[in-house]
Amino acid sequence: MDIIVIFQRMLMLLAMMGLGYLSYKKEWLDDYSYKKLSVIVVNIFNPALVINGALSAISAGGADLNLIKENFMFIVIYFTMNIILSYPIAIALSKNDNQKNVFRLMTIFSNVGFMGIPVISSIYGEECIIYITFYILVYNVVLYTLGTFIAQKNLPKEERTSGIKGMINIGTVCSLIAIIIYFLGFQFNDSVLLFFDYIGDATIPLSMIVIGVSIAKIPLKKVFQGVRLYLFALITLVIIPIIVSFVFRGMEHDKTIFGVFVLMFAMPVGSIVTMFIKEYGGDESLCSKATIITTLLSIITIPIVASFI
């Protein structure tokens, strides 16, 4: 894998984030428009890109059960490892029980969708988004079960609620639709294909602009203070993905699926973790800082990890 090409593509994504950052600082986008743009990206553009990934995969050759099985095997390994590793990482980086829960959530739930889709599609092509779709589906199930349980640990038992209803959302529904389209090999006319293709093309810059605005909303002087979050970034963005690339190298049959698997470990903290922490009264500031630091550093660390694939 050409690390220079990947680094150039990551710089392209960084430039798109820069547009979002500049737009907020110049007040071309305010808090209200940022919120609305986020809603549009999450509920229209990202789901459309997922479906377009299924259509692209069909055009590239259709469903291959062996590849799907291999992809699902790596998904199980991915979430199992993250859940197990979240314990020692949380213990090592915090003595506060509330913050330990935050570190656990940040370790388990990286940005496989909002950041993962643009990165993977820019490296491997849109036809590979179908593999990420399965990650997103499992991600939502784990998030609204185990994730809800961890996030509510600091609440009294009588105030805890079930997050299972949250699994029924636009991301889960469109992931299921994309998987059905992929497995059944539905064929659509050119107008439908072009529609999803055009929407898909717009998703990546819009997603990066939204991330850029989220970074601009927090004073950077406060973000980059302290050592713990840099250690967290080093462990989760570099050390774990590189170790994974060596440990599981003999298990892969398809290099693309294995590449997606390794790069999923290299994704920054998912922005949805901050929303969870905020909803259940955790340390929102710690999570926001970690999201920004890991997102910015991932521009450099992803090409480094990719060179070990």
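These are my notebook entries on what I looked up in this predicted model.

**Ground rules.** I treat this as a predicted model, in which local features need pLDDT of at least 70 and side-chain atom pairs count only at pLDDT 80 or more, while totals for chains, interfaces and linings use all residues. Residues are numbered from 1 along each chain as its sequence is written, and side-chain values use heavy atoms, with hydrogens and water left out.

**Overall fold.** I looked up the secondary structure and found 13 helices and zero strands, where helices (H or I, at least four residues) and strands (E, at least two) are DSSP runs numbered from the N terminus. I then checked the radius of gyration, taken over C-alpha atoms, against the globule rule of 2.2 Å times the number of residues to the power 0.38. For 309 residues a compact globule would come near 19 Å, and the protein has 19 Å, so the two agree. Along its principal axes the C-alpha trace spans about 55 × 50 × 45 Å. I noted that buried residues make up 52% of the 309 residues, with buried meaning under 20% relative accessible area, exposed over 50% and partly exposed in between (1.4 Å probe, protein chains only). Among contacts between residues at least 6 apart in sequence, 85% join residues at least 24 apart, a contact being heavy atoms within 4.5 Å.

**Helix α1.** The buried residues of α1 include Ile 6, Met 10, Leu 13 and Tyr 24, and what covers the buried residues of α1 includes α2, α5 (116–124), α8 and α13 (284–306). Just after α1, I found that Glu 27 takes a positive phi of about 65 degrees.

Ser 56 lies in helix α2 (residues 31–59) and, at 18% relative accessibility, counts as buried. I saw that Ser 56 touches Glu 126 and Glu 127, leaving aside residues up to four places away in sequence; the C-alpha atoms of Ser 56 and Glu 126 are 6.3 Å apart, although 70 residues separate them along the chain. Ser 207, in helix α8 (residues 190–216), is buried with a relative accessible area of 0%. With residues up to four places away in sequence not counted, Ser 207 touches Val 41, Asn 46 and Phe 114.

**Largest pocket.** I worked on a 1 Å grid over the protein atoms alone, where a pocket is an open set with protein on both sides within 12 Å along at least five of seven lines, a cavity is a set of points where a 1.4 Å probe fits but cannot get out, and lining residues have an atom within 4 Å of a point. About 1400 Å³ of space lies in the largest pocket. Of the 42 residues that line the largest pocket, the closest to its centre are Ser 38, Val 42, Ser 271, Ile 272 and Met 275. The largest share of this lining, nine residues, comes from α2.

**Largest cavity.** My search of the whole structure finds one cavity of 30 Å³ or more, and the largest cavity has a volume of about 110 Å³. Its lining counts 15 residues, with Thr 107, Ser 110, Thr 236, Phe 265 and Met 267 nearest its centre. The largest share of the cavity lining, four residues, comes from α10.

How values were computed. Grid points are joined across faces, edges and corners, and a volume is the space filled by probe spheres set on the points.
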